[in-house]
Amino acid sequence: MTLPHTPSFALHGKRALVTGGSKGLGFACAVALAAAGAEVWIAARSREALQHAVALAAEEHLTLHPLALDITDTGRVQETLAQLPALDILVNSAGLARHQPFLEVSEANFDDVMALNLRATFFISQQVARRMQHHGIAGSIIHISSQMGHVGGPQRSVYCASKFALEGLTRTMALELGEASIRVNTLCPTFIETELSRQSLSDPEFHRYVRGNIKLPRLGRVEDVMGPVVFLASDAAGMITGSALMVDGGWTAT
């Protein structure tokens, strides 16, 4: 018997892109990857938000490269990726939520949520995976999904539909890209205290509903995704693909 050695969680020499990386979960993921040694680009539409994120990271001596980019514009995405070196890691964190009762959902809201949460994620992943395969990179693609990709939720028919679809996409990508040593997984948080969730959580009744379903005694924090995203990006998760890593405080355990 020989002594086994723990695979590295370090990301030195790796290149990563985080969509929706200027705030919230995306920014937390970008900071975590940079702290683990990766060279990180963050994509978002707002130049102001990007510059703020870059400056905030720099205060902790971390470098983030800003990309002003609307990822729903697939042509622009292709042009932008062509100017970057081939990536080792893609974190799809850009997302949209417009919550309405099912009977009141408009076509416009349905289309906008699906355009970002599913369509844009699909095609940027396709372009990144093509380059990974071309360059022989054993890459990691991580979709920031949600516990709502595994359960239903009030007034979340469109959001749940987009995340359930993302879970199915992940499994198929894992099947097709495995031979190229490209791993594809989802990271599924519960309700995290961010700008995106603040309005919903300010409703006392909804807040009670959330706290009643999270088995741990608190809401999620952005820090809760930072360790998991580094793990999925690293060699420590080298045999994990087509999986959903639940960061839901036990919500889906029942």
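Me: Which residues of α8 are buried in this predicted model?
Reply: Happy to start there, with a reminder that the model is predicted. Buried here means under 20% relative accessible area. By that cut-off, the buried residues of α8 are Pro 228, Val 229, Val 230, Leu 232 and Ala 233.

Me: At what angle do α1 and α8 pack, and is α1 parallel or oblique to α8?
Reply: Helix α1 covers residues 24-35, and its axis is 9 Å from that of α8. The two helices pack at about 55 degrees. Angles under 35 degrees count as roughly parallel and 65 to 115 as roughly perpendicular, so α1 is oblique to α8.

Me: Which residues make that contact, and how do they divide by class?
Reply: From α1 come Ala 28, Cys 29, Val 31, Ala 32 and Leu 33, and from α8 come Met 226, Val 229, Val 230 and Ala 233. Here α1 passes α8 in a right-handed crossing. By class, the contact has no polar and no charged residues, and its nonpolar count is 9.

Me: How are α3 and α4 oriented to each other?
Reply: Helix α3 spans residues 74-82 and α4 spans residues 107-134. Their axes come within 10 Å and cross at roughly 30 degrees, in a right-handed sense. Since angles under 35 degrees count as roughly parallel, α3 and α4 are therefore roughly parallel.

Me: Which residues does the α3 and α4 contact use, and how many are charged?
Reply: On the α3 side are Thr 74, Val 77, Gln 78, Leu 81 and Ala 82. The α4 side brings Arg 119, Phe 123, Ile 124, Gln 127, Val 128 and Arg 131. The contact has 6 nonpolar and 3 polar residues, and the number of charged ones is 2.

Me: What about α4 and α5: how are they oriented?
Reply: Their axes are 9 Å apart and pack at about 15 degrees, with a right-handed crossing. An angle under 35 degrees counts as roughly parallel, so α4 is to α5 roughly parallel.

Me: How many nonpolar residues are in the contact of α4 with α5?
Reply: Among the α4 residues are Phe 110, Val 113, Met 114 and Leu 118, and they meet a set in α5 that includes Val 158, Tyr 159, Leu 166 and Met 173. Lys 163 of α5 is also part of this contact. By class there are 4 polar and 1 charged residues, and the nonpolar count is 14.

Me: Are Cys 160 and Cys 188 buried or exposed?
Reply: Buried means under 20% relative accessible area. Cys 160 has 9% and Cys 188 has 0%. Both values fall under the cut-off, so Cys 160 counts as buried and Cys 188 counts as buried.

Me: Which residues does Thr 194 contact, leaving aside its neighbours within four places in sequence?
Reply: Thr 194 is in the loop between β6 (183-189) and α6 (195-201). At 12% relative accessibility, Thr 194 is buried. Its contacts are Gly 24 and Val 222.

Me: And which residues does Ser 243 contact, with the neighbours within four places left aside?
Reply: Ser 243 is in the loop between α8 (226-233) and β7 (244-247). With a relative accessible area of 31%, Ser 243 is partly exposed. Its contacts are Val 184, Asn 185 and Thr 186.

Me: What is the phi of His 61?
Reply: His 61 sits in the loop between α2 (47-58) and β3 (64-68). Its relative accessible area of 73% makes His 61 exposed. Although His 61 is not a glycine, its phi is positive, about 65 degrees.

Me: Where is Gln 155, and what is its phi near?
Reply: Gln 155 is in the loop between β5 (140-144) and α5 (157-177). It counts as partly exposed, at 44% relative accessibility. Gln 155 is a residue other than glycine with a positive phi, near 60 degrees.

Definitions and conventions. Residues are numbered from 1 along each chain as its sequence is written. This is a predicted model: local features need pLDDT of at least 70, side-chain atom pairs count only at pLDDT 80 or more; totals for chains, interfaces and linings use all residues. Side-chain values use heavy atoms; hydrogens and water are left out. Axes are lines fitted to C-alpha atoms, for helices over the stretch in contact, and angles run from 0 to 180 degrees between N-to-C directions. Helices (H or I, at least four residues) and strands (E, at least two) are DSSP runs, numbered from the N terminus. Angles under 35 degrees count as roughly parallel, over 145 as roughly antiparallel, 65 to 115 as roughly perpendicular and the rest as oblique. A crossing is left-handed if the near helix is turned anticlockwise from the far one by less than a right angle, and right-handed if clockwise. Contact means heavy atoms within 4.5 Å. Ala, Val, Leu, Ile, Met, Phe, Trp, Tyr, Cys and Pro count as nonpolar, Asp, Glu, Lys and Arg as charged, and the others, Gly among them, as polar. Buried means under 20% relative accessible area, exposed over 50%, partly exposed in between (1.4 Å probe, protein chains only).
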